[in-house]
Amino acid sequence: LEQAAIQINQWVADYTDVLLSRALYRTNQLDLAEDLVQETFITAFKKHHQFKGNSSPKTWLTRILNNKIIDHYRSAARKKTEPFSKVALGFDENGSWLDRNMNALWEQKESLLDQPSFITALSHCMNNLPSQWKMVITAKFLEKKKSKEICQEYNITTSNYWQLVHRAKLQLKNCLENNYEIE
Amino acid sequence: MTSDRKIQLSCQKATALIEKKREVNLSFLERVKLLIHVKMCNVCKAYIKQSDMLDKGMQVSSNLKNTKSINTAELQKKIIQKLNSENNL
């Protein structure tokens, strides 16, 4: 047990950085990411006898962390029961746009991608997405995962996946149109 | 009311198909419905470009995040303390 403690302490020094950045990119929330990393080391400590040395400690710890992230994602998904209101996505009862006017945001001469303030606003809006949408969006764009991998990892169907992306992007569009100030 | 057989799409359905098209191939009927809708609806037509811009923007924003580093010394200390308390139980 003493030996396990020494080894885990070494791993904390060696792998906290890499695990935290992974957790952070998947969750986009620092406090949550830190908790998940901490839980990862606690689980690693408890299950240390299962570590056979067939894989590197980093691979083993990453696998534990991934399970923690997925568990968190699934329990968050279970808690989320409120149905989606069309209004929140920008549509009326019949699924028509509530606002048919073109927001000035989209009609600027300078490309939005060249405007740091647009990217900042977009990051802010991404952070405000419900946590399970955020994780899927992050897996897609930050980790550049293929949709097939994401569906497997989060145990969702392809159609759930693109519906989720659809809702997330509508919410981002609304968020940007409401919050972004054109310079 | 909104049967799948109906040729006319709502804007909500049309934008869903626009996103679906990025992931999977649309059926022939879906393609026709979407084409007809977008011909008539400027807001959905504009959404195609906006959707593309959102994807590119999320890519740029994600690339920026990848280069950001965080100081984990505090967290390491916290974890060690937590592990020590677990160890003593």
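# Questions on a predicted model

Guide: In this predicted model, B:Met40 lies in helix α2 of chain B, which spans residues 28-40.

Visitor: Why is B:Met40 called exposed?

Guide: The relative accessible area of B:Met40 is 57%. The term exposed requires over 50%, so B:Met40 is classed as exposed.

Visitor: Turning to chain A, what does its secondary structure consist of?

Guide: Chain A has eight helices and zero strands. Its elements accordingly read α-α-α-α-α-α-α-α from the N terminus on.

Visitor: How do you know that helices α1 and α6 of chain A meet?

Guide: A:Tyr25, A:Arg26 and A:Thr27 of α1 are in contact with A:Lys134, A:Met135 and A:Thr138 of α6; contact requires heavy atoms within 4.5 Å. These residues comprise two nonpolar, two polar and two charged. The axes of α1 (residues 2-27) and α6 (residues 131-141) come within 7 Å and cross at roughly 115°.

Visitor: What share of chain A is buried?

Guide: Of the 183 residues in chain A, 49% are buried, a term that means under 20% relative accessible area. Chain A exposes about 9600 Å², of which carbon and sulfur atoms supply 47%.

Note on methods: Residues are numbered from 1 along each chain as its sequence is written. Chains are lettered from A and ligands numbered from 1 in the order in which they are written. This is a predicted model: local features need pLDDT of at least 70, side-chain atom pairs count only at pLDDT 80 or more; totals for chains, interfaces and linings use all residues. Side-chain values use heavy atoms; hydrogens and water are left out. Axes are lines fitted to C-alpha atoms, for helices over the stretch in contact, and angles run from 0 to 180 degrees between N-to-C directions. Helices (H or I, at least four residues) and strands (E, at least two) are DSSP runs, numbered from the N terminus. Ala, Val, Leu, Ile, Met, Phe, Trp, Tyr, Cys and Pro count as nonpolar, Asp, Glu, Lys and Arg as charged, and the others, Gly among them, as polar. Buried means under 20% relative accessible area, exposed over 50%, partly exposed in between (1.4 Å probe, protein chains only). Accessible areas come from the Shrake-Rupley method with a 1.4 Å probe; for residues, only the protein chains shown count as cover.
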